[in-house]
Amino acid sequence: MTIMTVSGHRYDLDSRSVEAALQGQLPEPIHEHFVVINGRRWPPKQVLALVTGLDRADFTTHQARRALTRLGFTAARAASPRGHHPVPLSAALPQPAVSGTAGRPESLVEALRPFVGLWVAVRGEEVLVAAPSAKEVVAWLAQHRQRAQSMFRVPDSGPAITGAAPQ
Amino acid sequence: MRFEFRALPAAGGGALTPRPVVDIALEGLADAPMECLLDTGALRTRMSAELAPLAGIELSGALTEEFYIGGLKTVGALARVNLTVADSTNEFSWDAPVWFCDPWPHPFGLAGLEGFLHHFLVTICAYDGYLDIEPQL
């Protein structure tokens with residue numbers, strides 16, 4: 001356990017209690033900073049608010065980030081910050097490919113790997129959200145006013161896809 | 001419009017062979033286009049039935065058919081819906097018959113002859129890993 005003070009309140013926290021607090025939750029859109037917990041990116045303020053029950057106005061992103069890194073979680077800054085407002089279609093979708101070289105398929109593959117068996121919404125190489133059902137993914141997109149490039153379930157077995165086309 | 005072949009992680013590690021897919025938005029689900037495998041051998045365009053209620057598509061009383069896919073017996077319900085494909089600069093919508101299937105074993109939809117290929121000139125460049133589609137007006 002690590003004792004820390006947030007907004008004048010003392011908390012005994014460890015990584016397990018943080019992971020437990022996130023059960024059943026979906027990460028909100030990443031604006032700039034994120035922490036990695038259970039293989040997913042989370043906004044630091046969302047995490048600390050869930051863990052402590054505090055209002056997000058009671059602490060800053062940097063305080064949340066510092067508290068979570070003290071517990072051993074990796075923190076980083078997103079390469080291309082996303083706005084909170086809906087992303088225009090022209091900005092949301094990748095530019096057309098130059099023959100055979102555009103995009104890095106392996107990047108999306110690695111981004112999807114933690115979500116095998118889940119429904120995902122992706123935009124370019126970014127996984128916007130992953131959830132057990134398409135309904136939850138669609139609800140998340142609507143709630144956070146995000147537009148995906150594509151939605152699908154990350155296959156959890158070979159037969160899930162090989163019945164439709166030659167391997 | 002150009003769509004890159006998409007690779008997915010293999011359950012046992014590594015990556016599956018990139019496949020030709022098109023992201024097709026159902027009317028009512030514009031923010032979540034469904035990945036559909038381009039299936040030149042399929043007569044129908046098919047998707048999971050769980051998408052229909054999310055898009056507000058009513059399937060009660062719809063024409064149904066039983067068929068096997070991927071070794072699984074399933075039932076498809078027919079609905080005529082508006083579909084949209086888009087890239088960074090262009091968007092194209094058309095009305096098409098789509099069969100919403102339950103159960104649906106695949107993690108994507110299938111874009112077949114009816115519903116998709118009838119509406120586009122499709123050029124597949126598997127060597128370079130992309131496909132181009134041009135609406136046939």
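Me: Let me start with the groups: Ala, Val, Leu, Ile, Met, Phe, Trp, Tyr, Cys and Pro count as nonpolar, Asp, Glu, Lys and Arg as charged, and the others, Gly among them, as polar. How do the residues lining the largest cavity divide?
Reply: In this predicted model, the lining divides into six nonpolar residues, one polar residue and three charged ones. A cavity here is a set of points, on a 1 Å grid over the protein atoms alone, where a 1.4 Å probe fits but cannot get out, and a lining residue has an atom within 4 Å of a point.

Me: And which of them lie nearest the centre?
Reply: The lining has 10 residues, and those nearest the centre of the largest cavity are B:R6, B:L8, B:R19, B:E35 and B:F108.

Me: Before I go on, what are the ground rules for numbering and confidence?
Reply: Residues are numbered from 1 along each chain as its sequence is written, while chains are lettered from A and ligands numbered from 1 in the order in which they are written. Because the model is predicted, local features need pLDDT of at least 70 and side-chain atom pairs count only at pLDDT 80 or more, although totals for chains, interfaces and linings use all residues, and side-chain values use heavy atoms, with hydrogens and water left out.

Me: What does the predictor give for the complex as a whole?
Reply: The complex has an ipTM of 0.92 and a pTM of 0.76.

Me: Changing topic, is B:G112 buried or exposed?
Reply: B:G112 counts as buried because its relative accessibility is 0%, where buried means under 20% relative accessible area, exposed over 50% and partly exposed in between, with a 1.4 Å probe and protein chains only.

Me: Which residues is B:G112 in contact with?
Reply: Leaving aside neighbours within four places in sequence, B:G112 is in contact with B:D39, B:A42, B:L43, B:R44, B:T45 and B:L117. B:D102, which is 10 residues from B:G112 in sequence, lies 18 Å from B:G112 in space, C-alpha to C-alpha.

Terms used:
On a 1 Å grid over the protein atoms alone, a cavity is a set of points where a 1.4 Å probe fits but cannot get out, and a pocket is an open set with protein on both sides within 12 Å along at least five of seven lines; lining residues have an atom within 4 Å of a point. Contact means heavy atoms within 4.5 Å.
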